[in-house]
Amino acid sequence: MSIDPNLRDTMLAAVPSLRAFAISLSGNVDRADDLVQETLLRAIANIHSFQPGTNMSAWLFTILRNLFRSEYRKRRREVEDSDGSYAETLKTQPEQSSRVEFEEFKTALSKLPEDQREALILVGASGFSYEEAAEICGCAVGTIKSRVNRARNRLAQLLHIDNANDFGADQATRAVLAGNGG
Amino acid sequence: MSEDDDLTSKAENDRPMHSNTKPSEKRGRTGPSLGRDVQAKIGQQLRAYYDGLLEPTPDRFADLLSKLDGKVSDKGSGE
């Protein structure tokens with residue numbers, strides 16, 4: 001059997017972003033690579049269920065997310081693999097001028113609840129619409145919106161990003177955000 | 001997996017979280033809203049973070065897809 005070369009190319013084109021998403025989710029490059037590999041294997045095995053003309057990228061993200069979720073649940077029983085180790089295991093060396101900022105951001109991101117982190121990344125970095133992100137996560141669009149919003153609020157708080165000029169009362173905002181924390 | 005129809009219907013009516021807030025405070029519909037500059041800054045950092053992860057994509061996935069394709073067409077016959 002062979003796959004339509006176009007489909008294969010589309011898959012391959014989606015890999016970098018898919019992998020970045022996997023790293024963001026798992027916090028671990030090796031695990032991310034395994035996830036991507038498994039995703040591609042499943043995608044090919046189920047290629048007949050892919051609707052031509054629909055978003056290949058979203059389809060692959062959905063598979064990967066589901067894999068991660070089921071694996072994550074398993075692993076969680078074995079190891080207490082929560083927020084603390086997430087930040088430590090991520091060892092990517094970005095070629096970035098502001099490495100400190102990167103590290104800070106990574107740490108802050110690791111403190112977000114899983115569902116908020118994935119929603120934020122899908123919408124804010126992977127380039128999916130709210131609707132697509134909702135499909136990938138299997139939830140309502142409104143849920144994605146509120147997760148993204150909460151994620152942003154929390155990040156702003158953790159990174160001490162505020163803007164008095166824009167908002168007028170950052171003290172009050174902080175208080176609201178702090179009260180909102182979950 | 002059963003997707004409920006909420007997928008589209010709920011999009012338009014997020015619950016008003018604080019119905020008694022003043023109009024000036026209701027900038028977003030899903031909770032306390034951040035200023036645009038703050039959002040922009042977070043967005044920028046998020047993309048920088050993500051872009052940092054995009055860079056070195058191993059060849060193994062291209063190889064994998066070629067191999068899975070059964071008959072390797074153009075690439076992979078040498079290695």
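Reader: Which elements of chain A have the lowest and the highest mean pLDDT?

Author: H9(A) has the lowest mean, 43. Helix H7 (residues 130-137) of chain A has the highest, 97. This is a predicted model, and pLDDT is the predictor's confidence in each residue.

Reader: What does chain A average overall?

Author: The average pLDDT is 82. In chain A, 76% of the residues score at least 70.

Reader: Where does pLDDT stay under 50 in chain A?

Author: One such stretch is residues 80-84 of chain A, with 4 contacts beyond four places in sequence. Another is residues 164-170 of chain A, with 8 such contacts.

Reader: What does chain B average?

Author: Chain B averages a pLDDT of 62. There, 44% of the residues score at least 70.

Reader: Where is confidence lowest and where highest in chain B?

Author: Confidence is lowest in helix H1 (residues 6-9) of chain B, at a mean of 37. Helix H2 (residues 36-54) of chain B is highest, at 90. Residues 1-30 of chain B stay under 50, and the model has 25 contacts beyond four places in sequence for them. Residues 71-79 of chain B also stay under 50, with 8 such contacts.

Reader: What are the ipTM and pTM of the model?

Author: The ipTM is 0.75 and the pTM is 0.70.

Reader: On to the fold. How many helices and strands does chain A have?

Author: Chain A has 10 helices and 0 strands. Along the sequence the pattern is α-α-α-α-α-α-α-α-α-α.

Reader: How many helices and strands does chain B have?

Author: Chain B has 3 helices and 0 strands. Its elements run α-α-α from the N terminus.

Reader: What share of the chain A contacts joins residues at least 24 apart?

Author: Take contacts between residues at least 6 apart in sequence. In chain A, 62% of these join residues at least 24 apart.

Reader: Which residues of H5(A) are buried?

Author: Phe105(A), Lys106(A), Ala108(A), Leu109(A) and Ser110(A) are buried.

Reader: Where does H1(A) bend?

Author: The bend is at Val15(A), by about 40°. A proline, Pro16(A), follows within four residues. After the helix comes Gly27(A), with a positive phi near 70°.

Reader: Which residue has a positive phi although it is not a glycine?

Author: His160(A), with a phi of about 55°. It sits in the loop between helix H8 (141-158) and helix H9 (164-167) of chain A.

Reader: Is His160(A) buried or exposed?

Author: Count C-beta atoms within 10 Å; 12 or fewer means exposed. His160(A) has 10 others, so it is exposed.

Reader: Is Leu112(A), by contrast, buried or exposed?

Author: The cut-off for buried is 20 or more. Leu112(A) has 21 other C-beta atoms within 10 Å, so it is buried. It lies in the loop between H5 and helix H6 (114-124) of chain A.

Reader: Which residues does Leu112(A) touch?

Author: Beyond four places in sequence, Leu112(A) touches Arg117(A), Ala151(A) and Arg154(A). Leu112(A) and Arg152(A) are 40 residues apart in sequence, yet 9.7 Å apart in space, C-alpha to C-alpha.

Reader: How should I read a nonpolar core?

Author: In soluble globular proteins, nonpolar side chains tend to be buried together. Here the largest nonpolar core has 51 residues. Those touching the most other members are Leu18(A), Ala22(A), Val36(A), Leu60(A), Leu64(A), Ala119(A) and Ala133(A). H1(A) gives the most to this core, 9 residues.

Reader: Why does this core lie between domain 1 (1-88) and domain 2 (93-182) of chain A?

Author: Because both domains give residues to it.

Reader: Which residues does Ala22(A) touch?

Author: Leaving out residues up to four places away in sequence, Ala22(A) touches Ala32(A), Leu35(A), Val36(A) and Leu64(A).

Notes: Residues numbered from 1 in each chain as written. Chains lettered and ligands numbered in written order. Predicted model: local features only at pLDDT ≥ 70, side-chain atom pairs only at ≥ 80, totals over all residues. Bend = angle between axes of the 7 residues up to and from the residue. Helix = DSSP H or I, 4+ residues; strand = E, 2+ residues; numbered from the N terminus. Contact = placed C-beta atoms within 7 Å. Core = buried A, V, L, I, M, F, W, Y, C linked by C-beta atoms within 7 Å. Domains from an automatic or database assignment. pLDDT = per-residue confidence, 0-100.
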